[in-house]
Amino acid sequence: ENILLFTAAMQAAVRLPDHRFVLRCHPVLPFERSRGSLPYDLARLPNMELSTTRSIEQDFDRASALLYRGSSSVLYAILAGLKPIYWHAGGHDMDPLFELPTWRARVSSPDEFAHTLRHYAESDSGALEPWRQAAEYVQRYAMPVDESSIDRLLSSIEIPR
């Protein structure tokens, strides 16, 4: 998945030199495991960087869109205001937002991805209501973990607090 998504991001970065791209690895999968299979040397793409922060929220704060596949991180990205862009590479569809009718985009080529990013960056109206609908969808889908949700979980499996 890293290689698939990072390759798409690198190809879009070449097409969109005025956009900034941040690659973020899964916490248990270091970038070095993917580096040799990527089409470009990261150092040769001045508009691309590898995230070094542990906090995904910090990366969300400096982003406007998220290219994703099967990751639940897209749910939290939406709540942070990011535009979700699903990379459909053929075969099995693993989009966790498959029920969401608005806000997300689906792309299957670097050109589609670049076009979607450019269009999103240039459109300055009409995004608020679709984002609100997506955020409401996510809030119904993902319950925040707090003391009361832990109490409900323990109670449902009949474990006293």
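I started with Ile159, which sits in the segment after α7 (147-156). I'm working from a predicted model here. Buried or exposed, or something in between, for Ile159? I got 42% relative accessibility, so I put Ile159 down as partly exposed, since that label covers whatever falls between the 20% and 50% cut-offs. I then looked for a surface patch and found Ile159 grouped with Leu153 and Ile157 in a nonpolar one. Together the three residues come to about 280 Å² of accessible area.

**Asn47**

Next I went to Asn47, in the loop between α2 and β2. Its relative accessibility is 9%, so I logged Asn47 as buried, the cut-off being under 20%. Which backbone oxygen lies 3.0 Å from a polar atom of the Asn47 side chain? I traced that oxygen to His19. I also listed the contacts of Asn47, skipping neighbours within four places in sequence: Ala13, Leu16, Pro17, His19, Arg20 and Phe21.

**Helix α1**

Ala13 turned up in that contact list, and I found Ala13 again among the buried residues of α1. So I noted the helix itself: α1 takes in residues 2-15, 14 residues in total. From first C-alpha to last I have 20 Å, close to the 20 Å expected at 1.5 Å a residue. Besides Ala13, I marked Asn2, Leu5, Phe6, Thr7, Ala8, Ala9, Met10 and Ala12 as buried.

Terms used
Residues numbered from 1 in each chain as written. Predicted model: local features only at pLDDT ≥ 70, side-chain atom pairs only at ≥ 80, totals over all residues. Heavy atoms only, no water. Helix = DSSP H or I, 4+ residues; strand = E, 2+ residues; numbered from the N terminus. Expected span 1.5 Å × (residues − 1). Buried < 20%, exposed > 50% of the residue type's maximum accessible area, 1.4 Å probe, protein only. Patch = residues over 30% accessible without salt bridge, like charges linked within 9 Å, V, L, I, M, F, W, Y side chains within 5 Å. Areas by Shrake-Rupley, 256 points an atom, 1.4 Å probe, with all protein chains shown as cover. Salt bridge = Lys/Arg side-chain N within 4 Å of Asp/Glu carboxyl O. Polar contact = N/O pair within 3.5 Å; in protein donor to acceptor, adjacent residues only side chain to side chain. Contact = heavy atoms within 4.5 Å.
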